[in-house]
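Subject: Structure handover

Hi,

Here is the structure for you to look over. Please open it beside this email; my notes follow below.

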Amino acid sequence: MILSMMIAAGLPFFFPDTYGETAFSVWFGMLACIGVQSFFIVRYYNRHSETESLHTRKWHRINIYLALIWAGLWASFPFLFLPQTDAITILTCLVILTVASSIPSVSMGVYPDIFISFITPVFLTYFAFILLHVPEAPGIIKAIPLINLLSLTIFSLFIHKTQISMISLRIQAEQASQRASKASASKTRFLAAASHDLRQPLQAATLYAAMLKNSDSPQPVIVEKLDAAIASCSDLLNHLLLLSRLQSQRLKPEKRIISLPDTLNPVIDEFRPGINKKGLSLSVSGLEAHYILTDNVLLSRIVRNLISNALKYTQQGEISINACLQGESLLLEIADTGIGIEEAYQGDVFEEFMQIDNDHRSIQNGLGLGLAIVSRLSALCDIPVAMASKPGQGTRFTLTLPAAAMGSTTTDSPAATTRQPYDDVTILLVDDDKAVTEALSSLLESLGATVSAHQSLASALMAMETAVEAPSLLITDQQIGPGTNATTVIDAVTRHFGQTIPALVITGNTAPDFLSQLPDNVDVLFKPVGVDALTRKFSEMLVRPGVAQGASE
């Protein structure tokens with residue numbers, strides 16, 4: 001604006017005929033009024049930028065308005081003051097105008113439409129003026145307004161693209177920095193909390209074990225507490241394992257049509273004793289006659305974690321579970337009348353080891369992993385999760401599940417959990433830990449299986465030379481001595497028998513890189529593994545098509 005006013009004030013020096021004319025004074029006065037108006041508009045915006053910056057459309061219209069007024073005044077100049085002119089004069093005017101227009105193009109690149117709204121009427125008007133009043137001007141002079149208009153438009157759009165790219169890169173850099181800081185803080189909190197939460201039950205287990213050692217009589221209470229401490233460690237490790245599997249993207253949902261009550265009623269029944277013990281009421285409605293398309297195991301885990309969270313933070317009142325249809329979706333609500341969550345913390349409760357009301361990290365109050373697992377499992381299963389909470393009034397989680405038609409459900413085969421004993425099952429076991437090998441082979445043999453146990457791949461290969469038929473299952477550790485791992489063992493057994501043998505890897509390695517490298521057809525269990533988990537996995541593998549008959553094939 002300042003540059004425009006200075007150029008306007010100096011025009012009489014370039015065009016002496018305009019000097020002293022009343023029309024020029026009026027024209028310059030109008031230009032000055034618009035300049036003053038623009039100055040106060042900018043000043044007002046700067047003083048109220050915190051609120052006015054939100055009204056982008058309003059200020060965009062104001063800028064377009066100012067640009068068109070400035071354009072109208074400058075476009076009228078040749079018609080008002082240069083009716084009788086020559087090519088040299090008009091060329092001089094075009095040079096001045098081009099210089100004046102080029103300078104603000106950089107700053108106006110953020111909003112090229114405002115800049116183009118100014119230069120378009122100006123240069124088109126000068127083009128028309130030359131055709132009407134200077135017809136004898138050379139063709140190049142006649143073309144200058146159009147050439148300038150096109151070049152300045154292209155330049156403004158280029159500047160706009162460059163500036164937007166720079167802004168985008170700066171925002172991305174800031175976001176990346178925030179994510180890195182958040183990840184670093186999360187990792188620090190993760191390691192500190194995991195270390196604390198593991199030490200606490202281990203310390204208790206150590207003390208209980210010492211009490212048992214020094215006692216000559218049975219101590220059922222101490223044994224129960226010892227089991228609880230070990231269960232706490234196992235629970236933490238299982239949660240960490242699940243998070244690791246989610247991070248490695250190895251866990252894949254197996255979606256199918258399932259009955260909602262058949263899936264959720266067993267989960268709800270798990271919590272009835274705990275709910276009754278705390279004197280809470282349980283309200284369940286709308287589960288009957290509903291069918292959904294999802295992974296029943298992962299959905300059960302999501303609901304289990306949400307009910308556990310509700311039970312943990314509700315001291316009085318009720319826990320309610322309700323389902324209702326909404327279009328093609330089924331809304332499953334799990335609500336409580338617990339302590340609720342402050343709005344400032346609602347964005348953090350899905351982070352690992354985040355507990356709002358457990359400053360001293362009592363292991364009885366949980367590990368702070370439940371909602372983190374809910375968030376990741378729901379994303380994996382394409383199940384949106386919404387949360388509404390008010391301090392002192394409770395929290396409500398809403399799962400949006402894909403509804404399905406009735407009558408197409410598929411259920412797990414009863415054999416998956418009841419197939420015992422394993423009289424017709426032969427198992428090849430390879431693990432370099434002698435204690436693990438002996439304990440596991442004894443367990444499998446007690447179930448009726450025939451076990452060939454080895455502590456090295458070489459020993460297993462020698463035994464396979466005399467084997468009449470391929471084993472039903474292969475069980476191996478991840479690392480079997482130097483240079484030999486689970487993949488090496490599986491490949492060697494596959495080559496020897498010329499067929500794929502169902503394989504189960506039992507390992508303590510939960511690194512995401514390791515999990516992502518395992519073939520999808522290899523089952524994995526992570527140490528420590530309980531007897532129930534082992535037998536469930538064996539039964540699950542043995543009922544797969546062709547597995548139980550693997551020896552005869």
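Accessible areas here come from the Shrake-Rupley method with a 1.4 Å probe. On that basis the chain exposes about 29600 Å². Carbon and sulfur atoms supply 59% of that area.

Please keep in mind that this is a predicted model. The mean pLDDT of the chain is 78. A value of 70 or more is reached by 76% of the residues. Two stretches call for care. Over residues 408-420 the pLDDT is below 50, and the model gives this stretch 24 contacts beyond near neighbours in sequence. Residues 547-553 also stay under 50. For them the model has 16 contacts beyond four places in sequence.

**Overall**

The chain has 553 residues, and 40% of them count as buried. Its secondary structure comes to 17 helices and 12 strands. Take the contacts with a separation of 6 or more: 72% of them join residues 24 or more positions apart.

Helix H2 covers residues 22-47, which is 26 residues. At 1.5 Å a residue, H2 should span 38 Å. The end C-alpha atoms of H2 are 37 Å apart, so the two values agree.

Which residues of H2 are buried? They are Phe-24, Trp-27, Leu-31, Ile-34, Gly-35, Ser-38 and Ile-41. These residues pack against helix H1 (2-14) and helix H4 (56-81).

The whole structure holds 11 aromatic pairs. One of them is Phe-24 with Trp-27, a tilted pair. The ring centres are 5.8 Å apart, with 35° between the planes. Phe-24 and Trp-27 are three residues apart in H2, about one turn of the helix. Both are buried. Phe-24 and Trp-27 also belong to one aromatic cluster with Phe-28, Trp-74, Phe-77 and Phe-81.

Now look at Ala-8, in helix H1. Is Ala-8 buried or exposed? Its relative accessibility is 0%, so Ala-8 counts as buried. Leaving out residues up to four places away in sequence, Ala-8 touches Phe-24, Trp-27, Phe-28, Leu-31 and Trp-74. Phe-77 is 69 residues from Ala-8 along the chain, and their C-alpha atoms are separated by 9.9 Å.

Helix H5 runs over residues 87-102, which makes 16 residues. Buried in H5 are Ala-87, Ile-90, Cys-93, Leu-94, Ile-96, Leu-97, Thr-98, Ala-100 and Ser-101.

Helix H17 has 12 residues, 531-542. It should span 16 Å, and its end C-alpha atoms are 16 Å apart. The buried residues of H17 are Leu-534, Thr-535, Lys-537, Phe-538, Ser-539, Met-541 and Leu-542.

**Cysteines**

Cys-324 has a relative accessibility of 33%, so Cys-324 counts as partly exposed.

Cys-324 sits in strand E4 (residues 318-326). Its contacts, leaving aside neighbours within four places in sequence, are Ser-329, Leu-330 and Leu-331. Cys-324 and Gly-286 are 38 residues apart in sequence, yet 6.0 Å apart in space, C-alpha to C-alpha.

**A loop residue to check**

Asp-382 is not a glycine, but has a positive phi of about 60°. Where is Asp-382 found? In the loop between helix H11 (370-380) and strand E6 (385-390). The relative accessible area of Asp-382 is 55%, so Asp-382 is exposed.

Best wishes

Conventions
Residues are numbered from 1 along each chain as its sequence is written. This is a predicted model: local features need pLDDT of at least 70, side-chain atom pairs count only at pLDDT 80 or more; totals for chains, interfaces and linings use all residues. Side-chain values use heavy atoms; hydrogens and water are left out. Helices (H or I, at least four residues) and strands (E, at least two) are DSSP runs, numbered from the N terminus. Buried means under 20% relative accessible area, exposed over 50%, partly exposed in between (1.4 Å probe, protein chains only). Contact means heavy atoms within 4.5 Å. The expected span of a helix is 1.5 Å times one less than its number of residues. pLDDT is the predictor's confidence in each residue, from 0 to 100. Rings of Phe, Tyr and Trp (its six-membered ring) pair if their centres lie within 6.5 Å; planes under 30 degrees apart count as stacked, over 60 as edge-to-face and the rest as tilted.
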